[in-house]
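Work through the following exercises with the sequence and the 3D view open. Each task is followed by a solution in steps.

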Amino acid sequence: MDDQAERLRNIIKRQQYQPNMPQKMSRVITVTSGKGGVGKTSVSVNLAISLSRMGKKVVILDADFGLANIEIMLGIRPQFNLADMMFRGKGMRDIITFGPDNIGFISGGSGINEMANLNKIQIVDLIQKMSELDQLADVVIVDTGAGIGNSVLEFVAASEEVLLVATPEPTSITDAYALLKSLNRNSSYQKTKTVVKLIANQTRGNKDAEELHEKLGVVVNKFLNIDIDLLGSIPYDDNMSKAILKQEPVVISAPDSKAARSITSIAARLGDAELPIEEQGLGIMRLFTNVIRMKFGRK
C-alpha cells in the first residue's frame, strides 16, 4: 500500500511541475450535507445559476455516485459522464453538458468510485484532463452525496471551501454533526486548509437560522475544534417544491420568491468572499489528485 501511494505521489508531482502546465485554477466549492432530503442539490444548482448571472463560468460536478441528481433536477440527460472520460476516451469538453444560464454540469456516473482502480497511465490522463476543467471554469461546484460515506468524506477532506447544508430539524443537525465528526477523524483532513460554512435551509425565520448555527456551531467548536460560519439561510418556500417538480431551478421559475432572493444573496456573499488571484485555491485538478491519493491510501 505504501509503495502504491508513493508511486501515485511521484506521478502527481511530475505532472504538477511540467513547464507547459496551465496556471489558471478554478475556485472549487464543495456542497455537502449530513443526510438526504435537506435540499443540497437544489442549493448547488441554484447557486451555480446565480454565480453564472454574476459573470462566472460555472460547472457542477455531480459526485453523488449513481443517483444523477443534477440531471434529474435540470431535466437534462447528458450523453457522457466522468467514467466515459476515464475509461472510454472522451475528453473534458465531451462530458460537460450545458443547462440554463449556460451552467455546465458533469455526471459522475461510476467514475467516482472507480478512481481507486486507475493504473499509472489512467492517473496521468485523468490529471491532465482535469487541468482542462480549470481552464474552462471560474467556479466548480462539487455536489457530493449525502451522509458520511467514504466518497463524501474524501471530497470534503480534499476541499478548501465547503458549504454544509442543513435544516432546523433535529435529525438534520445530528447528521450534520456526525459528518463533521467523521471528517475530523479522517487522516487527510486539515482544519487549517478547509473552511466550512453553513447554509441553513428551509428555515421559518431568522431565528431558525441563528438557532441552527448556535446548536451546531457550539457543539462542533467545543468537541471538534472546528469553526463554522453561517453563510446564509434559505426560507421554507412552496415555490422551491414547485420548481423541483417542474425540474426547473427556483431562481428561474420564481426569481422574485423568498427562496430565490435568499440564494441570490448567498451567491453574492460567496462572490464578495472570493480570494485575490494570488491567494486562490489549487483548483479542481489538485482536488482530484487529493481524492485519488486518499483512495489509494485505503487499498
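**Exercise 1.** In this predicted model, find what lies over the face of tyrosine 236 and give its distance from the ring centre.

**Exercise 2.** Search the whole structure for aromatic pairs and classify what is found.

Solution. Step one: the search gives one aromatic pair. Step two: its members are phenylalanine 155 and phenylalanine 288, whose ring centres are 5.9 Å apart. Step three: the planes stand at 75°, and planes over 60 degrees apart count as edge-to-face, so this pair is edge-to-face. Phenylalanine 155 belongs to helix H8 (residues 150–158) and phenylalanine 288 to helix H14 (residues 283–298), so the contact ties together parts that are 133 residues apart in sequence. Step five: check burial, for which the cut-off is under 20% relative accessible area. Phenylalanine 155 has 0% relative accessibility and therefore counts as buried. Phenylalanine 288, at 2%, is buried as well.

**Exercise 3.** Decide whether the residues of strand S1 (residues 27–32) are buried or exposed, and identify the strands with which S1 pairs.

Solution. Step one: count. Six of the six residues of S1 are buried, so the strand is largely enclosed by the rest of the structure. Step two: separate the faces. In a regular strand the side chains alternate between the two faces of the sheet. One side of S1 carries Arg27, Ile29 and Val31, the other Val28, Thr30 and Thr32, and both faces are covered. Step three: find the partners. Strand S5 (residues 139–144) pairs with S1 in the parallel sense over five bridges; within this pairing, threonine 30 stands opposite valine 142. Strand S6 (residues 161–166) also runs parallel to S1 and is joined to it by three bridges, with threonine 32 opposite leucine 164.

**Exercise 4.** Describe the second largest pocket by its volume, its lining and the elements that supply the lining.

Solution. Step one: the volume is about 400 Å³. Step two: 24 residues line the pocket, and the closest to its centre are Gly39, Lys40, Ser42, Met73 and Ile244. Step three: sort the lining by type, which gives nine nonpolar, eleven polar and four charged residues. Step four: assign elements. At least two lining residues each come from helices H2 (40–53), H3 (69–74) and H11 (238–245), and from strands S7 (195–203) and S8 (228–235).

Key:
Residues numbered from 1 in each chain as written. Predicted model: local features only at pLDDT ≥ 70, side-chain atom pairs only at ≥ 80, totals over all residues. Heavy atoms only, no water. 1 Å grid on protein atoms, 1.4 Å probe; cavity = no way out; pocket = protein on both sides within 12 Å on 5 of 7 lines; lining within 4 Å. Points joined across faces, edges and corners; volume = space filled by probe spheres on them. Helix = DSSP H or I, 4+ residues; strand = E, 2+ residues; numbered from the N terminus. Nonpolar A, V, L, I, M, F, W, Y, C, P; charged D, E, K, R; others polar. Buried < 20%, exposed > 50% of the residue type's maximum accessible area, 1.4 Å probe, protein only. Pairing = 2+ DSSP bridges. Phe/Tyr/Trp six-rings, centres within 6.5 Å; stacked < 30°, edge-to-face > 60°. Lys NZ or Arg CZ within 6 Å of the ring centre and 35° of its normal.
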